[in-house]
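Hi everyone, thanks for making time. I'd like to walk you through one model today, starting with its packing and then turning to a pair of helices.

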Amino acid sequence: MTTTDTAYAAVTIPVRLDFDSHAAAFAKAMGHLDHTATKELDRVGFDPKLRELVRIRASQINGCAYCIDMHTKDAMAAGESELRLHGLAAWQETPYFTARERAALAFTEAVTLLAGEHVPTSDYDAVAAQFSPDEIAALLSLIVTINAWNAIGVTARCWLPGSYEP
């Protein structure tokens with residue numbers, strides 16, 4: 001065991017609630033929602049790497065360790081670079097993202113934090129300048145879905161980081 005392995009083994013994050021067992025019908029419905037959001041993204045040809053960046057960014061904001069872990073692995077499997085993944089938390093301060101990606105990330109943050117500013121018109125206008133209405137609807141479906149997963153994961157701690165294999 002390395003020093004790094006020892007450090008990881010030193011802290012145990014307990015599962016609070018086996019959500020999938022205690023709300024099986026809802027968990028199944030969430031799976032259907034996720035599948036439907038993904039089908040909408042496929043329908044509009046939404047970039048798979050950007051999908052994962054959106055999922056990761058919302059999960060970073062919400063503090064969902066499981067989803068950050070899962071979607072980082074999925075992004076890497078889709079060909080996303082480590083450089084961009086490491087820079088995602090501070091995407092506005094890095095040169096690694098295109099105008100289209102920046103619009104999607106800003107929109108993701110606005111929707112995720114909607115209680116603060118109720119998705120400012122400037123954020124909506126920026127995403128509308130880069131994406132078609134169908135793409136915006138698919139993106140919004142993705143953001144709503146990942147935020148729902150994050151709410152379950154953070155509250156119940158029902159899935160442990162590192163337990164997902166792509």
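Before we look inside, one term: a nonpolar core here is a set of buried Ala, Val, Leu, Ile, Met, Phe, Trp, Tyr and Cys residues joined through side-chain atoms within 4.5 Å. And please keep in mind that this is a predicted model.

So, which residues touch the most other members of the largest nonpolar core? They are Phe131 and Leu139, in a core of 25 residues. The elements giving two or more residues to this core are α4 (48-62), α7 (99-112) and α10 (133-156). Of these, α7 contributes the most, with six residues. Leaving aside residues up to four places away in sequence, Phe131 touches Phe46, Leu50, Arg100, Ala103, Ala104 and Ile136.

There is another core apart from that one, with 15 residues, among them Phe19, Ala27, Met70 and Ile152. Let's stay with Phe19, which sits in helix α2 (residues 19-22). Is Phe19 buried or exposed? Its relative accessibility is 15%, so Phe19 counts as buried. Its contacts beyond four places in sequence include Phe26, Ile152 and Cys158.

Now for the helix pair. The axes of α7 and α10 come within 10 Å and cross at roughly 45 degrees, which means α7 is oblique to α10. The crossing is right-handed. On the α7 side, the residues meeting α10 include Arg100, Ala104 and Phe107, and their partners in α10 include Glu135, Ile136 and Leu139. By class, this contact has seven nonpolar, three polar and two charged residues.

Definitions and conventions:
Residues numbered from 1 in each chain as written. Predicted model: local features only at pLDDT ≥ 70, side-chain atom pairs only at ≥ 80, totals over all residues. Heavy atoms only, no water. Buried < 20%, exposed > 50% of the residue type's maximum accessible area, 1.4 Å probe, protein only. Helix = DSSP H or I, 4+ residues; strand = E, 2+ residues; numbered from the N terminus. Contact = heavy atoms within 4.5 Å. Axes fitted to C-alpha atoms, helices over the stretch in contact; angles between N-to-C directions. Parallel < 35°, antiparallel > 145°, perpendicular 65-115°, else oblique. Left-handed = near helix turned anticlockwise from the far one by under 90°. Nonpolar A, V, L, I, M, F, W, Y, C, P; charged D, E, K, R; others polar.
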